Amino acid sequence: MPFINVETNLPASKFPEDLLKRLCTTLAAALGKPEDRMNLVVKTDLPMMIAGSSSPCLLMSLSAIGVTDTAEKNKEHSAKIFQFLKGELGLSDDRILILFYPLEPWQIGKKGTVMSFL
């Protein structure tokens, strides 16, 4: 059950519904998770700076159980995600940052309990 938050200074017009769907599909494939478990929030038009510049940029926070817990895994995820974002949004490597957070089942509440008990 990955949770993805995207914050960007790009306009909302860059993120039509079909792009969100393709992003979800790409993220699910990169993480090896079912697409129907993906949770994605995109916040656009934000005042942002990365590396001291307000040029177009994107910050992604990605939390998941069991797939974001090693440098080796995150290196592979990063390569796939960067390829998609660069191709779709025209951003360069230095304008994208991804923060990976490992989650444990007890950290996610669902259906009045936590994932550990579902």
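User: Is Cys-24 buried or exposed?

Analyst: Start with the cut-offs: buried means under 20% relative accessible area, exposed over 50%, and partly exposed in between (1.4 Å probe, protein chains only). Cys-24 has 15% relative accessibility, so it counts as buried. Before we go on, keep in mind that this is a predicted model, where local features need pLDDT of at least 70 and side-chain atom pairs count only at pLDDT 80 or more, while totals for chains, interfaces and linings use all residues. Residues are numbered from 1 along each chain as its sequence is written, and side-chain values use heavy atoms, with hydrogens and water left out.

User: And what is the relative accessible area of Cys-57?

Analyst: That one is 0%, so Cys-57 is buried.

User: How many disulfides does a search of the whole structure find?

Analyst: General idea: a disulfide is a covalent bond between the sulfur atoms of two cysteines. The test used here is a pair of cysteine sulfur atoms within 2.5 Å. Searching the whole structure turns up zero disulfides.

User: Okay, salt bridges next. How many does the structure hold?

Analyst: You look for a side-chain nitrogen of Lys or Arg within 4 Å of a carboxyl oxygen of Asp or Glu. The structure holds five salt bridges. One of them joins the side chains of Glu-35 and Lys-21, at 2.5 Å from N to O. Glu-35 sits in the loop between helix 1 (17–31) and strand 2 (39–43) and Lys-21 in helix 1, so the pair ties together parts 14 residues apart in sequence. Those helices and strands are DSSP runs numbered from the N terminus (helices: H or I, at least four residues; strands: E, at least two). Glu-35 itself is partly exposed, at 31% relative accessibility.

User: Which side chain does Lys-73 meet in a salt bridge?

Analyst: Asp-69, at 2.8 Å from N to O. Lys-73 is partly exposed at 31%, and Asp-69 is partly exposed at 45%. Lys-86 and Asp-93 also pair up, at 3.0 Å from N to O; here Lys-86 is partly exposed at 32% and Asp-93 is partly exposed at 44%.

User: Which residues are linked in a network of salt bridges?

Analyst: Asp-18, Arg-22 and Glu-88.

User: Last one: where does Met-1 lie, and what is it in contact with?

Analyst: Met-1 is in the segment before strand 1 (3–8), and at 15% relative accessibility it counts as buried. Contact means heavy atoms within 4.5 Å. Setting aside neighbours within four places in sequence, Met-1 touches residues including Lys-33, Arg-37, Ile-108 and Met-115.
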